[in-house]
Amino acid sequence: MKRNKILSLLLSVSMLTALTACGNQGSDTPAASTDAAGTAAATESAASSDNGYVLDKVTLVVDGTFNASVDAYQDKFIEQWDVAVSEALGHPISLNIQQLDHSSYVDGVGRLFASGDYPDVILLNASQYAEYAKTGLLWDMTDAYDNAKFQSHMVLPAVNQSVRIDGRQYGLSTGLGGGCITYVKQAWLDAVGMKAEDVTDWDSYYAMLKAFTEQDPDGNGKNDTYGVAAAGFIGSEAPYTNYLPQFWQNAYPNFTYDENGVWYDGFNTQETKDALLRLQQAYADGVIDPESLTMGTKDVREKWWSSDQSGSFGAFTYWSGYWNDNLINNMDKNGVDSGLARLAPLAEMDGYLNRESPVYCIIDDGDGDDSREQAIFDAVFETMFDGGTVQTLWVYGAEGYHWSTKAETIVTGEGTDNAKTYEYKDGEFHLRLNPSDPSALWKKNAIDPSSMICSLENGFESATDLTKECNEFFSEHSVDAPHSASCDAITNYGGTITDAKNAVIAEVVVKGGNVDAAMDNYVKTTQDMVDEILSELNVQ
């Protein structure tokens, strides 16, 4: 690696080490064990051919979001990957996985790079990606991506456009980070004489909520419906505002950062005060279900699709993708008209919030020759989205272990009161028992089948056309959520600050209190804690 790249990298690693206590949060997937056979060394084939650089081995570093861990048949994944990719490339190649502990992944990656122990391919979260791209360590894969064979069956092209930095692409995201959109009951819109496409700004949105509340949209002759409901007026986890996005608009009531990267308390802002006043109005007008203060997501879902629509509501912001299918299926099951419209973001919103999605990156050896990096791209990413055997490995895992097409009977939770039996015929694709949790079926490996960027062509794809359509809608109308803040002070004081936020919400929204006075009280209660958190987050 060139000297300037080494110096730049070391500076970056020093910065990341200093920021370790305040690094971004990753997925909630449990940490997986480290592969004892794995090493972090990048490997290069000594062989060359007239067709260019030839790899014999690829080293991959991942975190706990790679669900086929050492204890969950990772060896079988590797065996099947080696065979399938060797056949695809026409020469032997092996995969070496190093799976770092998920909870300390940022730290682990920093130590890995500081040691000079570079892998070929590495999974990075959004903040790591942005930081390491500046160092020249990550290969610019823009041309390789734009000309990739998998473009022929790309279904979500916008996903990777959003990860480009100054128009260049240094990592590949396998699918959407995911987020929520607003669904509206079409029968209720028809009943009040409205159209979803006419709901374009706050005033028209609020008019719709009032109509759902006051004009008996369920036709039972009673004044017993609401415009909207949610699992809390503020979310308990990032991105916090996703269940009531029209009310919060572009407010972000948690620690966030400005265009210069300076962190601040997003709860103590005018945007948050404005959002609280919108919620206050809705609560006073009765257009928002008052039980939203205490309801969980299950409670809200069951109200939405209940066979008795009294007490139900017409607008529901919930997860995109396969949840579109779930909502319709449960409405059908309960005899509720399942016609749904999707609302585009209001004019006052930048968009629905897309959770941060990690990216797979190729390490650039800095020699000015892209042959090695292109060979890694072809071996890993072209096959990752081949539409068949290898993509199935990434999506579902190893055949015969994570999934199968052979006839069999599978029992989840065997020996318990919640045991459930599944019967599968020969040739029927199905997921097998989760090796880490025999009470449940395996769901996925490293790529989410409901939101992957390329379709599977072998008939094993679990995403329906409706799920794909919904994901395309979300992709078109979403913006990336801010990176999540994390540091020791947040760990120490986060619960207390959350209690203080909830006190403001109860005072302003439920009791109709003065927002300025409530916010002043929040500041008095939390100032010292907030200052300590910001001093940690903004350390240079």
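The structure is predicted, so local features are reported only at pLDDT of at least 70 and side-chain atom pairs only at pLDDT 80 or more, whereas totals for chains, interfaces and linings use all residues. Residues are numbered from 1 along each chain as its sequence is written, and side-chain values use heavy atoms, with hydrogens and water left out.

A salt bridge is a side-chain nitrogen of Lys or Arg within 4 Å of a carboxyl oxygen of Asp or Glu. Helices (H or I, at least four residues) and strands (E, at least two) are DSSP runs, numbered from the N terminus. Exposure is given as relative accessible area: buried is under 20%, exposed is over 50%, and partly exposed is in between (1.4 Å probe, protein chains only).

Two of the salt bridges sit within helices. Lys-76 and Glu-79 form one, at 3.9 Å from N to O. Both residues belong to helix 2 (residues 74-89) and are three residues apart, about one turn of the helix. Glu-79 is partly exposed, at 44%. Glu-214 and Lys-210 form another, at 3.8 Å from N to O. These two residues are four residues apart in helix 8 (residues 202-214), again about one helical turn. An α-helix has 3.6 residues a turn, so residues three or four places apart point the same way. Glu-214 is exposed, with a relative accessible area of 51%. Lys-210 is partly exposed, at 30%.

A further salt bridge joins Arg-432 to Glu-408, with the closest N and O atoms 2.9 Å apart. This pair links distant parts of the chain, 24 residues apart. Arg-432 lies in the loop between strand 17 (430-431) and strand 18 (433-434), while Glu-408 lies in strand 15 (residues 408-412). Arg-432 is partly exposed, at 25%. Glu-408 is buried, at 16%.

Salt bridges also link Asp-120, Arg-372 and Glu-373 in a network. Glu-373 belongs to helix 13 (residues 371-384). Its relative accessible area is 0%, and Glu-373 is therefore buried. Contact means heavy atoms within 4.5 Å. Beyond its neighbours within four places in sequence, Glu-373 is in contact with Trp-139, Ile-362, Ile-363, Asp-364 and Asp-365.

A disulfide is a pair of cysteine sulfur atoms within 2.5 Å. By this rule, the count is zero. Cys-454 is buried, at 0% relative accessible area. Cys-470 is also buried, at 0%.

Helix 8 has 13 residues. Its first and last C-alpha atoms are 18 Å apart, close to the 18 Å expected at 1.5 Å a residue. The expected span is 1.5 Å times one less than the number of residues. Buried residues of helix 8 include Trp-202, Tyr-205, Leu-209 and Phe-212. Just after helix 8, Asp-216 takes a positive phi of about 50°.

Strand 6 (residues 180-185) is largely enclosed by the rest of the structure, because six of its six residues are buried. In a regular strand the side chains alternate between the two faces of the sheet. In strand 6, both faces are covered. Cys-180, Thr-182 and Val-184 are buried on one side, and Ile-181, Tyr-183 and Lys-185 on the other. Two strands pair if DSSP finds at least two bridges between them. Strand 6 runs antiparallel to strand 10 (residues 313-319), joined by five bridges. Here Cys-180 stands opposite Trp-319. Strand 6 also runs antiparallel to strand 11 (residues 340-343), through four bridges. Tyr-183 has Arg-342 as its bridge partner in strand 11.

Elsewhere, four strands form an open sheet with mixed pairing, in the order 4-3-5-13. Strand 4 (94-99) and strand 13 (359-362) are the edge strands, each pairing on one side only. The twist averages 25° from one strand to the next. Strand 5 (residues 121-124) pairs with strand 13 in the antiparallel sense over four bridges. Within this pairing, Ile-122 has Cys-361 as its bridge partner.

Angles run from 0 to 180 degrees between N-to-C directions, and axes are lines fitted to C-alpha atoms, for helices over the stretch in contact. Helix 13 lies across strand 3, strand 5 and strand 13, at about 145° to strand 13.
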